[in-house]
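Take a look at the chain shown below.

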Amino acid sequence: MSVRIAPSILSADFAHLARDIAAAEAGGADLIHVDVMDGHFVPNITIGPPVVRAIKRIAQRPLDVHLMIQDPDRYLEAFVSAGASMLSVHVEVLPHLHRTLGAIKDLGAKAGVVLNPSTPLTAIEEVLGDVDHVLVMSVNPGFGGQRFIPASVDKIRRLRALLDGAGSTAPIEVDGGIDLHTIRSVVDAGAEILVAGQAVYGTPDPAAAVQALRAAATA
Ligand code: DX5
Ligand code: ZN
């Protein structure tokens, strides 16, 4: 199975984003994962559309934008026009998820749905045919550098079976605590897009870290 490595710039040096994104890309990053937090859905506040637009100017790889915000519908267009190729929204805040996924696709981006660790797979059962990807949170969202929740592995396995059963080839993305020790277990369970923040930017050589993650994922 081919995997895609998506370094999360949440752990990069925000004063040197261009340098840090180039380093991840030099190591073979497939996507650049951008964490948007509003201080409401999650306790942390990070970046908005103007910064995504600036990143889009310098990044070579597609932007994978993860919206951890209370009212994503208000901002879909702003993030897609800023340069998001993939836009992921949390099921926990969306009473009309089907409509939101359609709106993202109409804007021309890949539409993904995200599940918190405590959110059951049944929450997305009715939209399995509508998602371009599903993001499984393997930590509680809000911060980089947290510990991987081991129960995520079984959740990924069950999600892959659910998607396959629905005839969907949508890839599973995993976010939180992915490092050289945990990456293989989620890939074996069926994850294809691996987000990593600290495991890339918490090291002295982000390019080498991306290469090492890919090697560990496919070894
Ligand atoms: C967490 C974010 C993640 C975070 C992952 O809320 O969604 O993308 O940057 O960081 P690590 O890989 O350090 O757990
Ligand atoms: Zn994320």
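## The model

This is a predicted model. Every value below is computed from it.

## Helix 1 against helix 2

Start with helix 1, residues 17-26, and helix 2, residues 49-58. Their axes come within 10 Å. They cross at roughly 50 degrees. Angles under 35 degrees count as roughly parallel, and 65 to 115 as roughly perpendicular. Helix 1 and helix 2 are therefore oblique to each other. Their crossing is right-handed.

Which residues make the contact? Helix 1 brings Leu17, Ala18 and Ile21. Helix 2 brings Val51, Ile55 and Ile58. Sorted by type, the contact of helix 1 with helix 2 has six nonpolar residues, no polar ones and no charged ones. Look at the spacing in such lists as you read. An α-helix has 3.6 residues a turn, so residues three or four places apart point the same way.

## Helix 1 against helix 8

Helix 1 also packs with helix 8. The angle here is about 35 degrees, and the axes are 7 Å apart. This crossing is right-handed too.

From helix 1 come Ala23, Ala24 and Ala26. They meet Pro206, Ala207, Val210 and Gln211 in helix 8. The contact of helix 1 with helix 8 divides into six nonpolar residues, one polar and no charged.

## Helix 8 itself

Helix 8 runs over residues 206-218 and has 13 residues. How far does it reach from its first C-alpha to its last? The span is 19 Å. That is close to the 18 Å expected at 1.5 Å a residue.

Several residues of helix 8 are buried: Pro206, Ala207, Ala209, Val210, Leu213, Ala216 and Ala217. What do the buried residues pack against? Their partners are strand 1 (4-7), helix 1, helix 6 (183-189), strand 8 (191-196) and helix 7 (198-201).

Thr218 also has its place in helix 8. Its relative accessible area is 45%, so Thr218 is partly exposed. Leu162 lies 56 residues from Thr218 along the chain. The C-alpha atoms of these two are separated by 23 Å.

Now take Leu63, which is found in strand 3. Is Leu63 buried or exposed? Its relative accessible area is 0%, so Leu63 is buried. Leave aside its neighbours within four places in sequence. Leu63 is then in contact with Ile32, Val52, Ile55, Lys56, Gly83, Ala84, Ser85 and Met86. Val52 is eleven residues from Leu63 in sequence, and their C-alpha atoms are 8.4 Å apart.

Lys56, one of those partners, is found in helix 2. At 38% relative accessibility, Lys56 counts as partly exposed. Beyond its neighbours within four places in sequence, Lys56 is in contact with Leu63, Ala82 and Gly83. Gly83 is also among the contacts of Leu63. Lys56 and Val174 are 118 residues apart in sequence. In space they are 23 Å apart, C-alpha to C-alpha.

## Gln70 in its loop

Where is the place of Gln70? Gln70 is in the loop between strand 3 (63-68) and helix 3 (76-82). Its relative accessibility is 41%, so Gln70 counts as partly exposed.

Which residues does Gln70 contact, leaving aside its neighbours within four places in sequence? They are Asp38, His40, Phe41 and Val93. Take Val93 from that list. Gln70 and Val93 are 23 residues apart in sequence. In space they are 6.1 Å apart, C-alpha to C-alpha.

Terms used. Residues are numbered from 1 along each chain as its sequence is written. Chains are lettered from A and ligands numbered from 1 in the order in which they are written. This is a predicted model: local features need pLDDT of at least 70, side-chain atom pairs count only at pLDDT 80 or more; totals for chains, interfaces and linings use all residues. Side-chain values use heavy atoms; hydrogens and water are left out. Axes are lines fitted to C-alpha atoms, for helices over the stretch in contact, and angles run from 0 to 180 degrees between N-to-C directions. Helices (H or I, at least four residues) and strands (E, at least two) are DSSP runs, numbered from the N terminus. Angles under 35 degrees count as roughly parallel, over 145 as roughly antiparallel, 65 to 115 as roughly perpendicular and the rest as oblique. A crossing is left-handed if the near helix is turned anticlockwise from the far one by less than a right angle, and right-handed if clockwise. Contact means heavy atoms within 4.5 Å. Ala, Val, Leu, Ile, Met, Phe, Trp, Tyr, Cys and Pro count as nonpolar, Asp, Glu, Lys and Arg as charged, and the others, Gly among them, as polar. The expected span of a helix is 1.5 Å times one less than its number of residues. Buried means under 20% relative accessible area, exposed over 50%, partly exposed in between (1.4 Å probe, protein chains only).
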